[in-house]
Amino acid sequence: MTTQVQSSSGASISITGLLTRGSTQFGLLIILSVLWTVFASLSPGFLSTFNLNSLGRSVAVDVVVGFAQMVVLATGGMNLSVGAIGVCSVMLAGYFLQVLGLPIPLAIAGTLAFGGVLGWLNGIAITKTGVNSFVVTLATASLFSGGMLILSHGVPLNGLPSEIGAFGKATVGPVPALAVVALAIGGLLYILFAHSVLGRQILSVGANSRAAEMSGIPVSRVIVFVHVLSGVLAAAAALMLTARLGAAMPAVAGDDWLLPSFLAPVIGGTSLAGGAASVIGTILGALLVSTIRSGLLILQFASFWLQFFLGVFLLAAILLQRYRSVLSAREQTRQA
Amino acid sequence: MKPVTFLLREQWSGILLAVVLGIVALSIANPTFNTEFNWFVLLRSICVVALAAFSQMIMLGVGQMNLSVGALGGLVAILVGGLMDAWGVPAIPAASIAVLVGGGAGLLNGWLTVRTGINGFVVTLATASAFTGINLGLTRAVPFYHLPADFVAFGNGRIGAFPLLMIVPIIVTALLAIFLNRTVKGRHLLAVGGNSNAAELSGISVSRTIMLAHCLSGLIAAIAGVLAVAQLGSAQPTIGSDWLIISFAAPIIGGASLSGGSVSITGTVVAVVLIGLIQNAMVLLAVDPYWVTFLLGSLILAAVWINRIRTVRMERAQ
Amino acid sequence: MSLALQSITKSFPGVRALNDASLTLVGGEIHALMGENGAGKSTLIKIITGVHRADSGTLKLEDRDLVFSSPRDAIAAGIAVVHQERNLIPHFSVAENILLERLPTRNGLVDFARAHSETRQHLAKVGLNIDPATEVRRLSVAQMQMVEIAKALSHRASVLLLDEPTASLTEAEAETLFRLVRQLREAGTAILFVSHKLEEVLSLCDRVTVLRDGETTLMAAPVVGMTRGNLIEAMIGRSERPVVPRKRGPQLDQPRLQTQALTTSYGHKAVDFTLHRGEILGLYGLVGAGRTELARALLGQGKIRSGQVLVDGAAVRVRSVRDAIKRLRIGYVSEDRKYEGVILDHPIRSNIAITVWDSIARTLGLLTRNDEIALAAPLAVRLEIRAPNLEQRVGNLSGGNQQKVSLAKWLAADVDILIIDEPTVGIDIKAKSYIHELINELADRGMAILLISSDMPEMVAMADRILVMHEFALIDEFVNDRRYETASTRIMDAIHSVTAGSVG
């Protein structure tokens, strides 16, 4: 009665074919290559070292912000306080480095730990009250940013040790140091999800938390863990942003992170419903968004219209995803 | 049912108590609180907030959410400002056109959500970005200042402490109450939110209902945008940028069910008053305005937690 | 008046639910639709009520070809349905639920007074005496079901579909329903009565159609003169299965799991039983008797109000499902195979290894696909799981194979006590026999098994001893002689003696 699903063989090998039938990540790669070719041909400055490095640095931050959301999406929840944790982390890092004058490794560790604590608060609030993550993190976003701004008044700190800004500008060979950091984090997350017990537990909670619980998975502990991880990643992104800017500027994080934090994973194939996470997809998704942003800037598109195009583009990408899953369901039905 | 039992049963009775206590406390703490002018400022500040809250409340009622409430309102704000400033359109036609555009934008949200089957969260996240983008593109971050005198007068006018502006939210509240409680379409909207499957099986078109809800949400957000311009006396491109959290906070604190199908107009209004009171208190007591943000977050958490305890207790009693 | 479905085929991703199935309803007849879970009954009903569209085949109402694109079309055509699951709007009143799509209006506004008075009439017809303004979420499950029945009847439809309508009703309430249904028959309505209760079908219905694996095996056969055996054969393809022999008996000197005067937050009252090593203890009961809840209480879900649970003679407090599995070595094969027993979107290997991930992990909690395969492959072979490879998504497997995966993970966990809840619902005959043989083999090897089932033949064939549960209390316990007549009679007597004379 039931049949096994074959991936479509014999389908025409065309760009549209690959776009609609290959994996999401592969389709993204195709779109990216096309865009890069287009932008490079329209403006040679696109491929200049300067532009690529600048692109690489901003993508690095966006990728880690995307990771912070991705790990929570994997459990079927969401973290709307990613930006708020970012703001708090920026301020704390600035405080540690400039006001307290702590050695850099200590400041970094302390900031990451703080991000984890904020994430832990999220996780506890969600699991102990049973309220869904949307509302809880909506509330804690206000709580965290409000609280931090009360303490620090959001004043940017410019007197950070010069190594911070230097790291932001550094490159490892042709690749910006920040991008290497982002890729390293990506590598660790990939190992987590593909090759560890915890990763499997996270994905099963996202796919079906009832079944996971009845199989002995400690669901509450897993949810708290992803929120802690999300907080740490948000703090990491904040540190990277600080390095890139060379100063602690809380205003740049915050609400600005909300859309990108969803964009990258969702375009990259991480489902809002949970149960699946794609590290590579998130990286490609962030790359896609930054490519468009950078390309439009280089082409001197009125920068005010950038935001509009991003929104339209997100919509198009999601529509494409949706179309593909409908196609795939239709094919599975045909073969039944 | 005795009045006391009725009050205790309602979700928002606690918030009403907080409002009353707050008013008493503030009157004692700062004598300028109870002046006519301050009440005018307070009441005027909640006009826009109330409408933004209603815009989201309708979406919660149908079991969806609209992340573009602020962006849509902001776009309509600069639209009405642009029509009056750059094109010289008189106030009432400009406002009408702008509000209709808002309704159209809402309809777009609804159409996209229903037609593509994509989660309303993601759709409105994307359209919010697009609307803000159009906003920026049209204004290049420059506000529209030259508005017709009668429009500005309406925004500033008052009778004693009662702002003229408040006529609009009062009318909208009344219409919304009639719509959700006494009309067939309104009941169907809440039915879809309560159990969309059951509604569909009974023959209600869930997709059309969701589109209607989005359209109404857009209309109300648009009205909020126009009022914001009247209140400020100029069309600032930043209008709507801080509406998102408040648009969720007020209905939720007011007792809206997160799964959909149950909202409280009274509760939302009381919550809006509470938020306005807190903001007013911050100014009067010269407290750091960031406290508002902080308190807002705490209130939401407290509200949902209490709601949850209530639900659990009711389930246990069955 | 007639409703005829001919050669209906309907497929979903990965499964063909209906394959050339047919059904003809005639006015003035009560027509039973029978079949095991997964046979295609729900899909057929969803096609009649406009929720789904058939891939091929025709639907004719009074010889007119019809196509329903939504439930609204079906309602407009005069078809009313009471579904198996509740479909009510929780915050709305009874009146609003019943009249939902046709609320009476006056001057454009809803006329609640008229809605309430109309509703009172509809409620009176089903003998439900409640205030129409009551919020539906405050009603009992049985009352909710009666509200839905009232709603369906209020449509004065020419075709009425009832899907397992007596599932949550007492005998008295069911009698009221049957009386109503007979009245409707006299009035010329065509009635489709879906039920798995053979006695109900034999006593109430005029004709019966049986579905098996998406196909019609018995078409509009007159019920007069039919026996249980005929019906069962049509549903499962052979007569009641013969007794499956065991090699070893239970070791009654070694109690594995015991409860003493157990009272739970679910409503159980003073439940006492002992499960021994190597024993298959059957727990029989009707839907809603409290059996699954008992299992959940034993697994640490739900609170234990008083009494004790003992494992291997020692009193224990089960802290969580994880605790039950890891510390007390109790496993639970869920009755909700699809949404609790397995994770449909994940591959076979991880579904099997899920219970022991932490045990097979290397240092730092790392785990590779091959580690899972090394664990899962032997089990897949042993249980004869039919799939091209272990990467296959479990959702694409047949029901029988899904259940084997669900069982495999407990074998992987090496549990001593296994609670199996409705193991063969909706599974093809071959897989069913296989699973029964497997359960016997596990018991022979010393596993203590609590078998929860509402399938009488299965219970009688498998259990060493049988417990009967009704309304959250154990009402009988006896040693099974494995003779269908004696065992089934004893069970039914026990239930009837408790429910006789109860008022609805």
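**Legends to the views of chains A, B and C**

**View 1. Charged side chains of chain A.** Chain A carries 13 positive and 6 negative side chains, and the centres of the two sets are 10 Å apart. Here Lys and Arg count as positive and Asp and Glu as negative, while His and the chain ends are not counted. The place of a charge is NZ of Lys, CZ of Arg, CG of Asp or CD of Glu. The model is predicted: local features need pLDDT of at least 70, side-chain atom pairs count only at pLDDT 80 or more, and totals for chains, interfaces and linings use all residues. Residues are numbered from 1 along each chain as its sequence is written, chains are lettered from A and ligands numbered from 1 in the order in which they are written, and side-chain values use heavy atoms, with hydrogens and water left out.

**View 2. The fold of chain A.** Chain A has 14 helices and two strands (DSSP runs, numbered from the N terminus: helices are H or I with at least four residues, strands are E with at least two). Its radius of gyration is 21 Å, close to the 20 Å that the globule rule gives for 336 residues, so chain A is as compact as a globular protein of that length. That radius is taken over C-alpha atoms, and the rule is 2.2 Å times the number of residues to the power 0.38. Along the principal axes, the C-alpha trace of chain A spans about 70 × 55 × 35 Å.

**View 3. Inside and surface of chain A.** Of the 336 residues in chain A, 56% are buried (under 20% relative accessible area; exposed is over 50% and partly exposed lies in between, with a 1.4 Å probe and protein chains only). Among contacts in chain A between residues at least 6 apart in sequence, 75% join residues at least 24 apart; a contact means heavy atoms within 4.5 Å. The accessible surface of chain A is about 13,200 Å², and carbon and sulfur atoms hold 68% of that area. Such areas come from the Shrake-Rupley method with a 1.4 Å probe, and for residues only the protein chains shown count as cover.

**View 4. Chain B.** Chain B contains 14 helices and two strands. A compact globule of 318 residues would have a radius of gyration near 20 Å, and the 20 Å of chain B agrees. The C-alpha atoms of chain B fill a box of roughly 60 × 55 × 30 Å along the principal axes. In chain B, 56% of the 318 residues count as buried. There are 14 positive and 8 negative side chains in chain B, with the centres of the two sets 13 Å apart.

**View 5. The two domains of chain C.** Chain C is divided into domain 1 (2-236) and domain 2 (253-503), with bounds from an automatic or database domain assignment. The C-alpha centres of domain 1 of chain C and domain 2 of chain C are 33 Å apart. In secondary structure, chain C has 18 helices and 22 strands. Chain C has 60 positive and 61 negative side chains, and the centres of the two sets lie 4 Å apart.

**View 6. The surroundings of C:Arg349.** C:Arg349 sits in helix α12 (residues 348-353) of chain C. With a relative accessible area of 8%, C:Arg349 is buried. Leaving aside neighbours within four places in sequence, C:Arg349 is in contact with A:Arg200 of chain A, and with C:Arg369, C:Glu372, C:Ile373, C:Ala376, C:Leu390 and C:Glu391 of chain C.
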